[in-house]
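Please keep the sequence and model in view while reading.

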Amino acid sequence: MKPTSKALRTFGALASAATLLLLTACSQGASANTSADYGQPVAGGTLTYLEYQAPTCLYLPAGGFYPNSGVLNQITDKLTHQNPETLEVEPWIAESWKINEDATKYVFTLREGVTFSDGSPLDAAAVAKNFDTYGLGNEELKLTVAEAVNNYKASKVIDEKTVEFTFTKPSPGFLQATSVIGSGLVSPKTLALPYEEQCQLKNIVGSGPFTVENQVIDKEIDLKAREDYDWAPASAAHTGRAYLDGIKIIVTPEDSVRVGSLTSGQADAVRYVQAFDEGTVEAAGYKLYAPATRGVNNSLSLHPGNPLLGDVKVRRALLHAVDTQELVDTVFSANYPKATAVLSSKALGYKDQSEKLAYDPALSNSLLDEAGWTPGADGIRTKDGKVLALDVYESLAQPQSKKTLELISQQLGKIGAKLNIKPQDAGSYATDIKDASKTAIFHSMVGRADQDVIKSQYHTENRDTLLSTDAKLDTLLEAIASEPNTAKRNAKVAAAQDYLIDQAYVIPLYEEPQVFGTADYVQGFGFEAVGRPSFYDTWLPADHQK
């Protein structure tokens with residue numbers, strides 16, 4: 001019999017937990033690694049799932065943070081479903097739709113009989129309310145616009161099953177936007193709450209296959225199957241309620257404890273298996289999954305508004321001084337391919353930019369010489385009394401961010417630039433990352449399987465990771481979001497990527513996956529299009545249920 005969650009939490013708190021768990025894994029792993037035939041799916045059991053970080057604000061447009069989406073994906077449905085294999089958008093709550101030629105009008109016909117977990121109908125009026133909120137925001141309630149929804153104008157309820165959306169300009173990404181985590185459908189009662197209350201899990205009422213049974217904030221979330229659920233996407237492996245009776249999500253930030261709990265049989269599945277732990281998981285015979293995030297690669301955004309980075313020659317010098325091959329070989333694994341563009345090679349609109357990203361420290365030194373930066377006695381360059389010392393914060397959401405930045409710091413040191421790495425938990429973090437004069441570089445990525453993802457990351461009214469004032473860049477990004485012709489849209493994505501690299505605004509590092517580990521007996525472990533877990537089809541054999 002496996003330990004209860006209480007036992008697991010207590011065990012995880014002990015100073016010797018990591019060592020003991022790994023020793024246990026060595027002794028028990030062999031018995032768990034046989035690839036057995038577990039037969040046909042059966043219902044029952046609770047999946048114990050360990051998450052690296054606690055969820056933050058759960059207002060749906062803020063749901064893109066992976067710990068948030070791991071919960072929201074189970075308790076909300078979407079208007080459409082993006083098939084993770086084909087990336088085609090398929091029916092879900094909407095059983096069909098029509099789009100006019102210039103993508104300024106969308107009409108969706110909804111399936112009947114769908115309800116939120118509070119019993120209210122998921123009808124055209126509810127869908128209209130959701131997208132009016134996501135498309136327009138609500139200043140009174142302090143609700144922000146969803147970054148995936150562009151050029152939104154209004155909704156119109158035609159009848160109980162039919163809703164129309166119109167846009168001020170073409171919005172070719174809207175169909176796919178109805179499938180993303182930030183467009184999860186929630187009850188109108190939830191939408192009537194102010195932002196602070198919609199951030200709280202207890203107030204999120206969705207129509208998904210699971211509901212929230214209990215939460216210990218920042219520690220544990222218990223989900224239970226909704227018995228009357230019967231409206232999964234057609235491409236799901238089954239119909240009706242979820243196979244699992246429940247999911248126990250336990251926040252476990254220690255890498256060794258997560259992996260050790262998995263390989264010792266105390267957990268069924270974990271997110272965020274670090275590259276250095278992948279071998280441990282596989283050697284013990286457990287399953288490793290690394291679905292792609294298909295969006296903007298894990299990158300460093302260089303803030304042109306920083307006094308040290310205003311000169312494009314300096315930014316280009318930094319770009320060509322970073323050896324991304326050394327990074328992936330040293331810090332990561334084969335699941336983290338070297339970036340060859342701003343976008344992932346699996347992203348829509350990808351263009352190979354390898355030549356523009358070539359590692360060339362000799363060129364870097366030449367560019368810094370031309371820009372007037374001269375090496376000091378300690379090897380660090382100076383100009384007009386200023387030292388080429390750049391501040392960057394570790395990003396806890398990025399895999400091994402500290403190690404990544406430390407290696408890049410060594411590489412930049414070879415051309416006379418210094419990287420000051422600050423911890424994310426510093427009290428000034430939240431304000432400093434929004435001030436280019438205080439933070440020269442920002443470490444981030446964003447996943448979305450649509451061309452608009454590049455706008456989400458870099459436009460001044462979206463994430464704006466560059467802290468940009470570049471009107472030309474905004475224009476390039478807006479053109480992507482307003483081009484209904486796919487070939488022309490991809491060409492505009494390519495132009496935006498080239499501009500970002502030509503201006504050396506971005507140093508792409510690697511294509512980031514989401515890496516999960518599961519016990520051999522966990523079946524039907526699934527993902528949506530950008531690597532967020534979906535447990536609707538997941539099941540546990542009868543002899544592994546608890």
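## The hairpin

S6 and S7 form a hairpin, with 2 residues between them. The model is predicted: local features need pLDDT of at least 70, side-chain atom pairs count only at pLDDT 80 or more, and totals for chains, interfaces and linings use all residues. Residues are numbered from 1 along each chain as its sequence is written, and side-chain values use heavy atoms, with hydrogens and water left out.

Strand S6 covers residues 152–159 and strand S7 residues 162–167; they pair in the antiparallel sense over 6 bridges. Ser-155 has Phe-165 in S7 as its bridge partner. Two strands count as paired if DSSP finds at least two bridges between them. Helices (H or I, at least four residues) and strands (E, at least two) are DSSP runs, numbered from the N terminus.

## The sheet around it

Strand S5 (residues 105–110) runs antiparallel to S7, joined by 5 bridges. Here Phe-108 has Val-163 in S7 as its bridge partner. Contact means heavy atoms within 4.5 Å.

## A buried histidine

His-303 sits in the loop between strand S13 (296–302) and helix H10 (312–321). Is His-303 buried or exposed? His-303 is buried, at 0% relative accessibility. Buried means under 20% relative accessible area, exposed over 50%, and partly exposed in between (1.4 Å probe, protein chains only).

A polar atom of the His-303 side chain lies 2.9 Å from the backbone oxygen of Thr-465. Not counting residues up to four places away in sequence, His-303 touches residues including Leu-309, Ile-433, Phe-442, Thr-465, Leu-466 and Leu-467.

## Positive phi in a loop

Most residues other than glycine have a negative phi. Asp-464 has a positive phi of about 50° although it is not a glycine. Asp-464 lies in the loop between helix H15 (453–458) and helix H16 (471–481). Its relative accessible area is 13%, so Asp-464 is buried.

Leu-467 also lies in the loop between H15 and H16. Leu-467, not a glycine, has a positive phi of about 50°. With a relative accessible area of 22%, Leu-467 is partly exposed.

Terms used: Polar contact = N/O pair within 3.5 Å; in protein donor to acceptor, adjacent residues only side chain to side chain.
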